[in-house]
Amino acid sequence: MSLADFTSSLDSLLVAAEKSLGLVADEAGLEELRVLYTGAKNGQLKSIQKGMGSLSSDERPAAGKKFNEVRDSVQAAIDNAAARISGGSLVGASPKSSGTKKSVPPIDPTLPGVRPRLGRLHPITQTIEDLKEIMGRLGFSATEGPEIEDTWHNFVALNIPEDHPARDPLDNFYLATAGKNASDPTALDAKLLRSQTSTVQIRAMESQKPPLRIISLGRVYRPDEADATHFPMFHQMEGLWIDTSVSMAQLKSVLRMFATSYLGGDVTIRFRPSFFPFTEPSVEVDYFWNDQWIEFGGAGMVDPNVLKAVGYDPEEMSGFAFGLGVERLCMRRYGITDIRDLFRSDVRFLRQF
Ligand code: PHE
């Protein structure tokens, strides 16, 4: 026998075996085929294998390899036929067999199902939605502003003079934008990542006539070292109410109603004197929660210089503004102790909200 004969008889055996095993429809028929092809005594594979003895010794390695491949393929065809007949998987079954018997994977309806993984809103997004909803009920509509700002909106119009420490390049993310003022943070059109949402007050007043009752919620950036309570990016909510006679008492009631709605229960609020260039007088706002005073944010009556900068008449109009940290509110509510957890994108953490 030559190697070519040996190989071609294996090939035709495989063709015949795959064909008949693809068609066989019951256990008895399958057993007959199994004996026919792989039977240890008189199986067809066995008798071809015997022919190997007449091959030369340098032909034998190739012949052995071929024999093993065909034997494995025949075995796979037998396994598939067995699975198909017992109603198991159809994996690898010959397409010719699909008409003979429909098989369905076994399903145990009493087992619990596999739950699809659902995405959910980030806790900060949820907090922002809540804040918008509460402030909406108080008559404040949400506006937005760009995160890349110019020094006019971030500082100048907010009455923050050129020599003010808040404008220090070490405390801000100035951008190396192309153009003649790229490296001069005092230029009006120098660009930076906004360090506060108060920029949106200016944009809103520049584009709308009073009265105005808005909030703006968004990201702000400051080059702080990240630790449990600081992160170089965080979110603020800015509020602004401008009308002919807005008072400090209204500011206090709005913030108190807001805190009560967000935290639940009756929340006491206190004002501590403070300073911001864009408000006069200015206050720090605290609220009383779980037996302690907690910092809420800054607020005050809009400084006449700011009203003038946007073309409002400070003799006619007055208003208040406030700015709160969103992370702090979110962390208080859910008992989160490290701000960095919010931005690690660890689903094991995020799945809990
Ligand atoms: N912009 C101030 C800050 O970032 C907060 C603030 C807003 C204070 C509005 C007064 C009025 O700290």
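**Sheet pairing, helix packing and local backbone features**

Ala299 stands opposite Phe322 in strand E10. The model is a predicted one, in which local features require pLDDT of at least 70 and side-chain atom pairs count only at pLDDT 80 or more, whereas totals for chains, interfaces and linings use all residues. Residues are numbered from 1 along each chain as its sequence is written, and side-chain values use heavy atoms, with hydrogens and water left out. Helices (H or I, at least four residues) and strands (E, at least two) are DSSP runs numbered from the N terminus.

The facing of Ala299 and Phe322 accompanies an antiparallel pairing of strand E9 (residues 292-302) with strand E10 (residues 318-325) over five bridges; two strands are taken to pair if DSSP finds at least two bridges between them. Gly298 likewise has a residue of E10 opposite, namely Gly323. E10 is also paired in the antiparallel sense with strand E6 (residues 233-243), over eight bridges, and here Asp243 is opposite Ser318 of E10. Strand E10 is mostly covered, with six of its eight residues buried; buried denotes a relative accessible area under 20%, exposed one over 50%, and partly exposed the range in between (1.4 Å probe, protein chains only).

These pairings belong to an open sheet of seven strands, ordered E1-E5-E6-E10-E9-E8-E7, with mixed pairing. The edges are formed by strand E1 (141-143) and strand E7 (268-276), each of which pairs on one side only. From one strand to the next, the twist averages 25°. Strands of a sheet pair through backbone hydrogen bonds, in either a parallel or an antiparallel sense.

Helix H10 spans residues 326-334. Within H10, Val326, Glu327, Leu329, Cys330 and Met331 are buried. Just after this helix, Gly335 adopts a positive phi of about 70°.

Two helix pairs were examined for packing, with axes taken as lines fitted to C-alpha atoms (for helices, over the stretch in contact) and angles running from 0 to 180 degrees between N-to-C directions. The axes of helix H1 (residues 3-23) and helix H2 (residues 27-38) come within 11 Å and cross at roughly 170°. H1 is therefore roughly antiparallel to H2, where angles under 35 degrees count as roughly parallel, over 145 as roughly antiparallel, 65 to 115 as roughly perpendicular and the rest as oblique. Contact (heavy atoms within 4.5 Å) involves Leu13, Ala16, Ala17, Ser20 and Leu21 on H1, and Leu30, Leu33 and Tyr37 on H2. Seven of the residues in the contact of H1 with H2 are nonpolar, one is polar and none is charged; Ala, Val, Leu, Ile, Met, Phe, Trp, Tyr, Cys and Pro count as nonpolar, Asp, Glu, Lys and Arg as charged, and the others, Gly among them, as polar.

Helix H5 (residues 123-137) packs against helix H8 (residues 248-263) at an angle of about 130°, and their axes are 10 Å apart. The two helices are therefore oblique to each other. The crossing of H5 past H8 is right-handed; a crossing is right-handed if the near helix is turned clockwise from the far one by less than a right angle, and left-handed if anticlockwise. From H5, Thr127, Asp130, Leu131, Ile134 and Met135 meet Val254, Phe258, Ser261 and Tyr262 of H8. The contact of H5 with H8 comprises six nonpolar residues, two polar and one charged.

Several backbone features lie in loops or strands. Most residues other than glycine have a negative phi, and most peptide bonds are trans. The peptide bond from Pro210 to Pro211 is cis, with omega near 0°, and Pro211 is located in the loop between helix H7 (198-207) and strand E5 (212-221). A cis peptide bond also joins Glu280 to Pro281, with omega near -5°; Pro281 belongs to strand E8 (residues 279-289).

Asn159, a residue other than glycine, has a positive phi near 65°. Asn159 is placed in the loop between helix H6 (151-154) and strand E3 (173-174) and, at 25% relative accessibility, counts as partly exposed. Phi is also positive at Ser345, near 55°. Ser345 occupies the loop between H10 and helix H11 (347-350) and, with 60% relative accessibility, counts as exposed.

Ser56 lies in the loop between helix H3 (44-50) and helix H4 (60-85), and is partly exposed at a relative accessible area of 32%. The C-alpha atom of Ser56 is separated by 8.8 Å from that of Ser2, 54 residues apart along the chain.
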